[in-house]
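Me: I have a structure to go through and would like to ask about it piece by piece. Could you keep the answers plain?

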Amino acid sequence: QAHAKVWHTYKEHFEHYQKGMISIVLGSHWIEPNKLEDELDISKCQKSMERVLGWFAKPIHGDGDYPEELKNEFLFLPHFTEDEKTYIKGTADFFAFSFGPSNFKPPNTLPKMGQNLSLNLREVLNWIKLEYNSPRILIAENGWFTDSHVKTDDTTAIYMMKNFINKVLQAIKYDNIDVFGYTAWSLLDGFEWQHAYNIRRGLFYVDFKGKKKERIPKSSALYYKQIIQENGFFPKDSTPNLQAQFSCDFSWGITESVLKAESAASSPQFCDSSLYLWNVTGDGLLHKVEGIKLKTRPAQCTDFVSIKKQLDLLEKMKVTHYRFALDWSLILPNGDLSVVNRQVLRYYRCVISEALKLNIQSMVTLYYPTHTYLGLPGPLLQTGGWLNQSTAYAFQEYAALCFRELGDLVKLWITINEPNQLSNVYKRSSNDTYRAAHNLLLAHAMAWRTYDEQYRPSQYGKVSLSLHSDWAEPANPFFESHSKAASRFLQFEIGWFANPIFKTGDYPATMREYITFKNRRGLSYTLLPSFTSEEKQLVKGAADFYALNHFTTRFVIDEHQNGSQYEFDCDIQFLQDITCLSSPSRLAVVPWGMRKVLRWIKKTYGDIDIYITANGIDDPSLDNDELRNYYLDKYIQEVLKAYYIDKVKIKGYYAFKLTEEKSKPRFGFFTSDSKEKASVRFYNSLISNNGFPADHSVCGPSSHEKQCSFCLFVSQKKPLIFFACCLFSTLSLLLAIIFFHKRKRRKRFKAKSIKCICVSF
């Protein structure tokens, strides 16, 4: 009634010349049902909202009376007379409410009714719209808090503010809710009721212990200022989309993980020489006829059923390149050349050769470890795996075997996929992590040297390794420590392997110096391995191109940590920006990060050839995968900008991945049962257009492609060419003999004729 009296007073005496508006600020929370389909849970959530927000909102913004649920449960609740209802009803020119930690703490005082508290401001706005007939809304207080010891680095408050304001924008844009204002709480740190001075909620830090009570702007104040200036959120990279194409020899590929060879050698009807009778006794079974052997034909690539399935999918993709990985443990089960599984090698050769018939070249990965499957032969695992340097020599033997057996058909090789992610496996201590990484680097370098010295002169291929290369951004751009942390992450994550190969032959100086700094302070006992002069010479330059797997951008904060673990050495933590579009596996979609990492690679390691060997996102849809289409469109557009504007020498793009696996994030263009998704057609269009052209134009075959086509014809038709050569040689010889004999007979006939003439004289 007090509020209603003030409202009426203002309307009667002041509004006509002050032209103002008046309302009341109500506190609100938001609560969501445990089970979205459960009507009882939904009803409990509604009751909770009515008890907190509806208690005052319904009399003022509704019918002038308390919610029915409150009146039925709390009999002591005062009753409004009809005159009071009429007097109170509508006494607000807009709906004003506060939403923040004070509305959530302490949670045991809220009527949660067994349901879940939520920070979804958009849902509160929608509830108000539905309950009170779409009023104009002012968010009068909103913000978050930090602990009392935090001064100006209130990164959490920035991201909470970003989330809240983003929800308001969504409500305005997508739900047509009339929100006309937003007010951050609060300007200064102060006394926070039951929390006293134990938390801080101001945009400005107040030094309560200092004599002058100095006020210092926090990073949240700078961030809020930026939002006000931009009136919302603007993309970091505002470069407009390009209408351009990649070069005509650009590689458009698709990536698959380890390709498992078929267990059977080939279809039994071609390799089994026995004769069978079917259903002789009516049992529907085959019965072998003893003593009879039939003639069988030699095994052929088309006997492998799975290869035909792979080719069908590749043909639908319309790619020019196919990247897949071999299984080291299947090819060399003992880890050395004592036992070579020739059947598995033949299977892989068949995959490559059959793909070539479709004009699809293969990029072959020799070793593809994951955190769940290390992929090493059993005996090598038993002797310590990558902690034992002998594994590096075993890998060199294995690589040489693959180059020898498959190299005539393969022009692009990847030795090891994402060795910089094996810290997830060798994590007992940081020393184990760095030791394993050191041996992986040596293994790659020895494999590259083997190819360079023994096979490149005849095979003309290129070899590198694929590095996981996500971009890093400071989570709080207003603090230099966060920018340094992002730079440090790139050196620990990418430079760790890239620096020795593409730059100095040694680990990044930043990495060595930071670990030494932590050791001196007693915060870590890590020892980064040292390269001998021979090892530096071996490793430096051991790659023909830079291959990167890029999926997302990480938001990094500076967080000092103690302990001898790889993840502690870098002193960083990751912050999930919940306002970013994300996949079910929480991969943030940040397209401009792709361009930034490509430019960083060029700036750091020079003007080298670059292949993007894996780029993709998991999409839950089994058919219309709109998220993947959006991801491909935006990320490839950023690749084009890096190629066209920044002059980065990008040679190829490989989408990840061909087929998805059951019970794993859905990264595939095809389901596990080979069902095609909508993204296949979208990727087809990008490939056929070779980018984003203003006018559709088609590239003609390059001289390289023509040469490759001729090589392909020769490699595929060797028996036919040999037969043709033999036939031509035989015909040539036969013609020569005929010609010789005819000439000889002509000479003899001529001689006889001359002799006859002489006798007659």
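Me: Which residues does Phe479 touch, not counting residues up to four places away in sequence?

Reply: In this predicted model, Phe479 touches Thr152, Asp153 and Ser219, where contact means heavy atoms within 4.5 Å. Phe479 itself lies in the loop between strand S19 (471–474) and helix H16 (480–502); helices (H or I, at least four residues) and strands (E, at least two) are DSSP runs, numbered from the N terminus.

Me: And how far apart are Phe479 and Ser219, in sequence and in space?

Reply: They are 260 residues apart in sequence, while their C-alpha atoms are 7.7 Å apart in space.

Me: What should I know about the numbering and the cut-offs behind all this?

Reply: Residues are numbered from 1 along each chain as its sequence is written, and side-chain values use heavy atoms, with hydrogens and water left out. Because the model is predicted, local features need pLDDT of at least 70 and side-chain atom pairs count only at pLDDT 80 or more, whereas totals for chains, interfaces and linings use all residues.

Me: How is the protein divided into domains?

Reply: There is domain 1 (1–230) and there is domain 2 (251–692), with bounds that come from an automatic or database domain assignment. Their C-alpha centres lie 50 Å apart.

Me: How many residues are in contact between the two, and how much area do they bury?

Reply: Twelve residues of domain 1 are in contact with eleven residues of domain 2. Together the domains bury about 1000 Å², with 65% of that on carbon and sulfur atoms; buried area is the accessible area (1.4 Å probe) that two parts lose on being put together, summed over both. In domain 1, the residues that lose the most area to domain 2 are Asp153, Thr155 and Tyr159, which together make up 46% of what that side buries.

Me: What about salt bridges between the domains?

Reply: The count is one, and in that salt bridge the side chains of Asp577 and Lys162 meet at 2.6 Å, N to O. The rule asks for a side-chain nitrogen of Lys or Arg within 4 Å of a carboxyl oxygen of Asp or Glu.

Me: Which elements of domain 1 give two or more residues to the side that touches domain 2?

Reply: They are helix H7 (155–175) and helix H8 (219–230), and H7 gives the most, with six residues.

Me: New topic: where is the disulfide?

Reply: The count comes to one disulfide, joining Cys301 to Cys350 with an S to S distance of 2.1 Å, and the rule for it is a pair of cysteine sulfur atoms within 2.5 Å. The torsion about the S-S bond of Cys301 and Cys350 is about -75°, so the disulfide is left-handed. Cys301 lies in the loop between strand S14 (286–293) and helix H10 (305–317) and Cys350 in helix H12 (residues 342–356), so the pair ties together parts that are 49 residues apart in sequence.
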